[in-house]
Amino acid sequence: MDISAQPEGKSGTLGSVRAIGVFGSVLALALAVGLVLVIVNDYRSRMAAAERQSLALVTGAERLVDFELRNIESALAGFAAYADRTNAFPSEDVEALRLAHVGGVMAGHREIESISLLSADGTPVFGTRSGASGIADWGSRRNPNQPQALRMGPLRKLINGQWAVPLAMPLKNGGYVLARLNVSELQSIVGNLDSGQEGVVTLFDTDGTVLARSRDALKLIGTRRPQVVTDSNRAGEEVSAIDGVTRVGAWRVLLNYPLVLHAGLSKQEILRPWYWLIAAGTGVYLLYLTGFIYLLRLVMKSNFLQRALIGRLRERTEDLRLAQKVGGTGSWSIVAGEEYVRWSDNVSNIFGLPESQTSASRTEFYDMVHPEDRERLFTLFQEAWEKQHSFNAEYRIRHPDGATRWLATQGAVVPGRDKRMRMTGTVVDVTERVEAQARIADAERQFRLMFEQNPLPFWVFDIKTLRFLEVNRAALEQYGYTREEFLAMTILQIRPPETIERVLQDIGAPREHFGQASNWIHQRKDGSRFEVKVYAANIDFAGTEARLILAEDVSERAAYERQLAYRASHDATTGLLTLDEFSQHLSDSASADEIYRVAYLELRGLDLIADTLGREASEGVLRIIAARLRLLCGDHGMAAHVPSNAFALALPAADHTAHRRLHSLTSEPVESADASHHLESWIGFADYPGDGASASEVVRNAALAAHEARATNMPFAHYQVSIAEKAHAQLTLAGRIRHAIRDNQFELHFQIIRHAADSEPAALEALIRWPQLTGGFIPPSQFIPLCEDSGLIVPLGQWVLRRAAESHRQLSAAGWGSLPIAVNVSTNQFVASDLVSDIAAIVDEFGLRKGALHIELTESVVMNRPEQALNTMHRLQKQGVCISIDDFGTGFSNMSYLRHLPLDALKIDRSFVTDVDNDVRNASICRALLSLGHSLGLEVIAEGVERIGQYEWLKEHGCDQVQGYLFGMPMPLDKVIETLNGADQRSWLGQDTATGQRSGY
């Protein structure tokens, strides 16, 4: 042990003990102050949090109460409106109607005790026989800050012992709708709010009467609080006037109703965790004092151990001082005459060795050195030992994992404390620097290669003198100059004269890096010009402020892009604008004092030309029409082609004859090499601005007008708001139909078809119905055509087939399985779907017998696509499906073709059956149709039989089956089965029925 070091060590130890004592005392004082501050701040935070929680609680209660009262108000307002409307009904019906409506309201609002109608003075008119005292006073009061029509009266106790709040809704005649709200509903709202074990939520009226309370509600409902906040909202600590408990609470006056809410949290409950905090903090502080005293004593006892540590630290400090003298990060040393190299921990990391390995033999060290650097480093160290001078070296080592690192070492041979010579120094990992230098050199080489060999022209010019400093080979080839000529020129000499001013302005703009490219016109040595895209960046070129330029020849690409832009904005066939470009041009051209009339032209007949003469002939007709429209527009209008058979035009509105000239142009035959073509046209007009917020909207409105013209069979129509409303209503109805199919909202009703000879049931016809929640049905005449137009008729028809199959299974279960069910099939369903496969799958799924389903087709289904119809009908007949032609006689059937169709029956349209017993023309037509059907071996069914006379005539003249309101209205299946099972199915004989609307599908 070094004796001379003891006094210094003792002094250092005593200093440490004193420092620990002072620091511990200061820390004890700081902890005490901090503990007090934490306790005080925690108290304030808890109280503030309690205020916020009470505000949140009262806000939540306010929303729930307001929501409940708004629902009740909405229901009472609906009944009030209903009561006002029923005043005009006959008095014997009013009572029943009102009772039904009240029952519906109270079923949805069970919290309402009763609903009645009172006159303006409180006399009962409907409902309860007892009036409402004071309603003339409180029922007429209305707070201007509370815009709701609902009035609230004072709390009342009912005969059954329940508390209720009277609610009044004024009527137009001065009376009131009176409802009594059971306060149990309000009690359930405030009672479910979490206010803690001792907290409370209370609902008052503006007079301070307790309406509901989360605690002690049975005792306190109906009592009054001495003071209630009614003009403002506030929060804070207060002692409850009801139960004397100190709470942190909040008041809230409801904005929409004369009610006041109070929510309070118990102060004792809020501060209970705070008291625990005080106890815990005090315990921690005492624990710290105990630990501090123990630590101080422990430090004093460790005096001798610290002296030994100081001695060892001095030895290591000497080594560190020598290493720092040389300067470096990691230190190493070799003592003369010793075999081992010793180093610091950091050197172990540099060598890739464990930190615990801080030495190695000289042989092991040289094994780590890269073989290419090993001899050089060994020679350097030998010379340093011999000449005892300093040295610097960079070399590579290999880590145990195979990685190679570059190291820089510097050192010298110096004497140590023990007078022995030692080589010591520092070592630094310089791998990143060496690799960075290599990358820079490689990048410079690559840049020179890229610059010179790049196929795009590159050059560098002086920003101040504008003279070329360097050019690559591609620039020489592109511009036709030699390198010497280039380097003697300025950049202005490759620019057209008219661009010089713009070039000088552009040079003044900074170019920190290659960013947005710009297009320029450059000029070759031979004077030819071409378009280039230039990329520029400022660089330092051998100390000169310069700019690097890359110039890409884009002449061909620019021309191609212009061609693409034209194609994108013009129709390829007609050369007219596209619809989007037309809308943009119209928007850009219109001004405040200039109005354009937009015409949307729909054509019919082009598809037929394309199908018969080919697409080229159809496109030729399109080009002729486009040329006519272009001529009509002249210099002041514009035209566009809308794929595939429509056009849009914009003409000055001042031209009042344009629409007639337009119709005349499109009505004229189009002469081609093959034929003269006549096209049908419909034109819709709309004004821009005026008939839409934007040009595209005006075009859409003009298209709606064209559709309206087509629907009404008029040559042209002008847009009106009603057209858009009608289209919107159709779209809305189509959406409802889609949802109705998905949600299974449709129903099937069935009408009995009877044998004419004995009036026995022969079949049932399935008729679709769409019931509504409000009662009644949407007629099929409204939604079936829309389904045809929108394509929904196919899924709807499939639904009808499945429902009919399911109904037949129920019919069989009731003992009437011999009766087939006839289903109407639309043209779209017959053509667009695989009807044969659909029916086969349905028959297999529901296990139906052959002939259980009949199919009714219209003449248009058969005549539009006779070959396809004939094939489908033969396939259906093989499956045992009977087929009949519905509404026969109203179309234009080819009788010679009709006799080849695999039919089973013809259905005479109701228009011919009407007055058949007293109208000679109808009788003649029916006789002819009966004769035609029987001659073809078909059964004949008469529709629309509504009178006994019709039935007797048809029976007398050999009609096979009859159907109509005379034999029964369309009914749900259970009603039909009940009718079929009836004792006397001929109760209809001798009775005529009122003619009703036949709902078919």
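Q: Is Arg947 to be read as buried, exposed or partly exposed?

A: Relative accessible area decides the class: buried is under 20%, exposed is over 50%, and partly exposed is in between, with a 1.4 Å probe and protein chains only. Arg947 has a relative accessible area of 24% and is therefore partly exposed. Asp917, at 30%, is likewise partly exposed. The model is a predicted one, in which local features need pLDDT of at least 70 and side-chain atom pairs count only at pLDDT 80 or more, while totals for chains, interfaces and linings use all residues. Residues are numbered from 1 along each chain as its sequence is written, and side-chain values use heavy atoms, with hydrogens and water left out.

Q: What do the side chains of Asp917 and Arg947 form?

A: A salt bridge is a side-chain nitrogen of Lys or Arg within 4 Å of a carboxyl oxygen of Asp or Glu. Asp917 and Arg947 meet in such a bridge, at 3.0 Å from N to O. Asp917 lies in the loop between α29 (910-913) and α30 (920-935), and Arg947 in the loop between β37 (939-942) and α31 (948-956), so the pair ties together parts that are 30 residues apart in sequence. Helices (H or I, at least four residues) and strands (E, at least two) are DSSP runs, numbered from the N terminus.

Q: How is a helix examined, and which residues of α18 are buried?

A: One compares its span with the expected value, which is 1.5 Å times one less than its number of residues. Helix α18 (residues 615-633) has 19 residues and reaches 27 Å from first to last C-alpha, close to the 27 Å expected. Its buried residues are Ala617, Ser618, Val621, Leu622, Ile625, Ala626, Arg628, Leu629, Leu632 and Cys633. Just after α18, Gly634 takes a positive phi of about 60 degrees.

Q: Where does the model have its lowest and highest confidence?

A: Confidence is read from pLDDT, the predictor's confidence in each residue, from 0 to 100. In the protein chain, the lowest mean, 61, is in helix α7 (residues 303-326), and the highest, 95, is in strand β38 (residues 961-962). Over residues 323-328 the pLDDT is below 50, and this stretch has eleven contacts beyond near neighbours in sequence; a contact means heavy atoms within 4.5 Å. Residues 994-1001 also have pLDDT below 50, with 29 contacts beyond near neighbours in sequence. The chain averages 81, and 86% of its residues score at least 70.

Q: What does the chain look like as a whole?

A: Totals describe it. The protein chain has 32 helices and 38 strands. Of its 1001 residues, 43% count as buried. Among contacts with a separation of 6 or more, 58% are between residues 24 or more positions apart.
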